[in-house]
Amino acid sequence: MDEMMKESLIVPVFTPNRTALLLMDMQHFTLAMLEDPAGLLEQARSARRAALDADIEVVHVRVAFTEEDHAAVPDHHRVFAAVASSGIAAEGTPEVAIHPDVRPEPHEHVVTKTRIGALTTTQLDEFLREREINTLVLAGLTTSGVVLSTITDAADRDYRLFVLSDACADPNQDLHETLLSSVVPQHAEVLTTAEFTTALHR
């Protein structure tokens, strides 16, 4: 096959009013898990700017717990039991604030969750369906947490999915690379932020 034909087959087409960019868990306490979050934040900023310039919906997903939310976490929960018992990620504390580099503008939608996936414990699915959005572009941390959980859930809900490889991160770099190379592609197309931006300009 001609190289030009190959390229034309792999460049995705995004319909702006049917697409949303999800920036997930870009908060102070999650970013603190990374040795240097600067690169992630730079790519997230670039993806957000490209989406806004293309009139694509930008949704910020954050995790935070009220006292009632902490109390509702069962002791057997392998991720959030320790969070609940220690009071981590309490609503209203500085640690759950979205990083200033990607802080939402008033017109950008924000959802708060109390479990791992962006579509769990939120009204995000309803928000997207009401706007007839069927394509999601995912960015955030961790790759093994919110990204993976949201991908598998959204795939079951029949969304068309893309993951921005350089706008996702995980404290375990080997796990991050393994997921992006072998697990994520089972459900989503993996793009760089530059490839996403290029596709929007086509």
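Colleague: Are Phe14 and Phe196 buried or exposed?

Modeller: This is a predicted model, so the values are computed from predicted coordinates. Burial is judged by relative accessible area, with under 20% counting as buried. Both Phe14 and Phe196 are buried. For Phe14 the relative accessible area is 9%.

Colleague: How many aromatic pairs does a search of the whole structure find?

Modeller: The search finds three aromatic pairs. In one of them, Phe14 and Phe162 are 4.7 Å apart centre to centre, with 55° between the planes, and the pair is tilted. The two residues sit in distant parts of the chain, 148 residues apart: Phe14 is in the loop between α1 and β1, and Phe162 is in strand β5. Phe162 is buried as well, with a relative accessible area of 2%.

Colleague: Why is the pair of Phe14 and Phe196 edge-to-face?

Modeller: The class follows from the angle between the planes, because over 60 degrees counts as edge-to-face. For Phe14 and Phe196 the planes are at 90° and the ring centres 5.4 Å apart, so the pair is edge-to-face. Phe196 belongs to helix α9, so this pair ties the loop between α1 and β1 to a part 182 residues away in sequence. Taken together, ring pairs link Phe14, Phe162 and Phe196 into a cluster.

Colleague: Which residue lies over the face of Phe14?

Modeller: That residue is Arg160, at 5.6 Å from the ring centre.

Colleague: Now the salt bridges. How many does a search of the whole structure find?

Modeller: It finds nine salt bridges. One of them joins Arg45 and Asp101, whose closest N and O atoms are 2.8 Å apart. Arg45 is in helix α3 and Asp101 in the loop between α5 and β3, so the bridge ties together parts 56 residues apart in sequence. Arg45 counts as partly exposed at 34% relative accessibility, and Asp101 does too at 32%.

Colleague: What separates Arg49 and Asp53 in helix α3?

Modeller: About one helical turn, because they are four residues apart in that helix. Their salt bridge has its closest N and O atoms 3.3 Å apart. Arg49 is partly exposed at 46%, whereas Asp53 is exposed at 56%.

Colleague: Which residues do salt bridges with shared partners join into one network?

Modeller: Asp125 lies in helix α6 and Arg157 in the loop between α7 and β5, so parts 32 residues apart in sequence are tied together. Salt bridges that share partners join Asp125, Arg129, Asp153 and Arg157 into one network. Asp125 counts as buried at 14% relative accessibility, while Arg157 is partly exposed at 27%.

Methods:
Residues are numbered from 1 along each chain as its sequence is written. This is a predicted model: local features need pLDDT of at least 70, side-chain atom pairs count only at pLDDT 80 or more; totals for chains, interfaces and linings use all residues. Side-chain values use heavy atoms; hydrogens and water are left out. Rings of Phe, Tyr and Trp (its six-membered ring) pair if their centres lie within 6.5 Å; planes under 30 degrees apart count as stacked, over 60 as edge-to-face and the rest as tilted. Buried means under 20% relative accessible area, exposed over 50%, partly exposed in between (1.4 Å probe, protein chains only). A charge sits over a ring if NZ of Lys or CZ of Arg is within 6 Å of the ring centre and within 35 degrees of the ring normal. A salt bridge is a side-chain nitrogen of Lys or Arg within 4 Å of a carboxyl oxygen of Asp or Glu.
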